[in-house]
Amino acid sequence: MAAVLVAGLALTACSQPGPSDSTPPPPSRPSTSTSPSPGGTATGTPSTKPGDPEHLRLEPFATGLDRPISVTNAGDGSGRLFANEQDGVIRVIGPDGAVRAQTFLDIRGLVLSGGERGLLGLAFHPGFPGQPRIFVDYTRVPDGATVIAEFRATADRADPASQRVLLLIPQPFANHNGGQLAFGPDGYLYIGMGDGGSGGDPFGNGQNRRALLGKILRIDVDSAPASGKAYAIPRDNPFAGGIHPGAGAPEVWSYGLRNPWRFTFDAANGNLYIGDVGQGSWEEIDRQPADSRGGENYGWNVMEGDHCFRAGCDESPYVKPIAEYGHDQGCAVIGGYVYRGTRQPILRGVYVFSDNCSGILFTLQVDTGRNAPKVVLDSGEAISSFGVGDDGEIYAADLGGGISRLVAG
């Protein structure tokens, strides 16, 4: 993402490509007095049609956090949420919304924070707490390189002295760091990496399959390879014996991405949804089917959304987004989740996502193939991320310090 998340985390899009875009000014926040209407409306009588809500609201759940930029659960049935704050702290939120005073992890001494840098991602091992390991993505002191690291953890606390670095990826600029971590249904760890920053992808990382920037990576954290690395390469990765052996870095799963700030797996079928932040005109949602063999090219920096970024481009080689919206409705897409909980039946099969600059919430009814973004709420908040609880309910993190629960009606 290349501009500035309204309350201090830079994520939004550059209006002009080029190296001078590495530190663009904060965007003007669109008015929240009225709701944009293309694709739907944020007002009116709530629909009773399953999978087609007319309106959503954010119900306050927790407060008092410092720039939360990710929220997740441990998968341990405790009902707790875990929020990572940009400066390097992970907080525990109880089932009642109370934020525990004791930190779960504090690595502020390791984290270079500010702009788009910081503690950007958190994932618990799928076997937690039997597998007492958590994984984080942060930009390090002093150079801002991306670190993917593992820490040992109990149910109550992660040990800051137990760091084991899995990957270290240099960053040429301060923006477009990506940051999302998630375990897929296959048990492998997926990692979102931006194109390295500035504007327009000046080094061509998105289309360079040998670069780790501008990609989603896929690694095996449970195997000990003979190479001495701290992780193994899944044998079916597309450039490591898969569909394109030897033609790219073995860690690469998919490429042609600008800044996949947030991506998630559909809990019902394993489909992967990617919110890729655009440049100056278009924000996009990409979908990778669960039966994919990897190797998809989503087009950046030849395409931006469903449009040529390079004039006169050949669009045929690239996987098109399933949805997009223009910068009349925002400037930094925040990828969300397909709802698979039980408390909001009208939301079943609905993918909910947002835009950080405008605070607008959108829906897509992915179970029935409706891929036109529908505006369902103008929240007025600087939403940085979505997460789900143990029970499948969706939560939103606001850079202003709050966590809210998504409610229909």
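Colleague: How many disulfides does the structure hold?

Modeller: The structure holds 2 disulfides, a disulfide being a pair of cysteine sulfur atoms within 2.5 Å. This is a predicted model, in which local features need pLDDT of at least 70 and side-chain atom pairs count only at pLDDT 80 or more, while totals for chains, interfaces and linings use all residues. Residues are numbered from 1 along each chain as its sequence is written, and side-chain values use heavy atoms, with hydrogens and water left out.

Colleague: What makes C308 and C313 a disulfide?

Modeller: The sulfur atoms of C308 and C313 are 2.0 Å apart, and the cut-off is 2.5 Å. The torsion about their S-S bond is about -85°, so this disulfide is left-handed.

Colleague: Why is C313 called buried, and what is C308 called?

Modeller: Buried means under 20% relative accessible area, exposed over 50%, and partly exposed in between, with a 1.4 Å probe and protein chains only. C313 has 17%, so C313 is buried. C308 has 30%, so C308 is partly exposed.

Colleague: Which cysteine is joined to C331, and what parts does the pair tie together?

Modeller: A disulfide joins C331 to C357, with S to S 1.9 Å. C331 lies in the loop between strand 19 and strand 20, and C357 in the loop between strand 21 and strand 22, so the pair ties together parts that are 26 residues apart in sequence. Strands here are DSSP runs of E, at least two residues long, numbered from the N terminus. C331 is buried at 10% relative accessibility, and C357 is buried at 2%.

Colleague: Why is strand 6 described as largely enclosed?

Modeller: Strand 6 (residues 119-124) has 6 of its 6 residues buried, so the rest of the structure largely encloses this strand.

Colleague: How do you know that strand 6 and strand 7 pair?

Modeller: Pairing needs at least two bridges found by DSSP. Strand 6 and strand 7 (residues 133-139) are joined by 5 bridges and run antiparallel. G121 has D137 as its bridge partner in strand 7.

Colleague: What makes strand 14 and strand 19 edge strands?

Modeller: They belong to an open sheet of 4 strands in the order 14-15-16-19, with antiparallel pairing. Strand 14 (262-265) and strand 19 each pair on one side only.

Colleague: Where does pLDDT stay under 50?

Modeller: pLDDT, the predictor's confidence in each residue from 0 to 100, stays under 50 over residues 1-8. Over residues 15-48 the pLDDT is also below 50. Where pLDDT is low, the predicted coordinates should not be read in detail.

Terms used:
Contact means heavy atoms within 4.5 Å.
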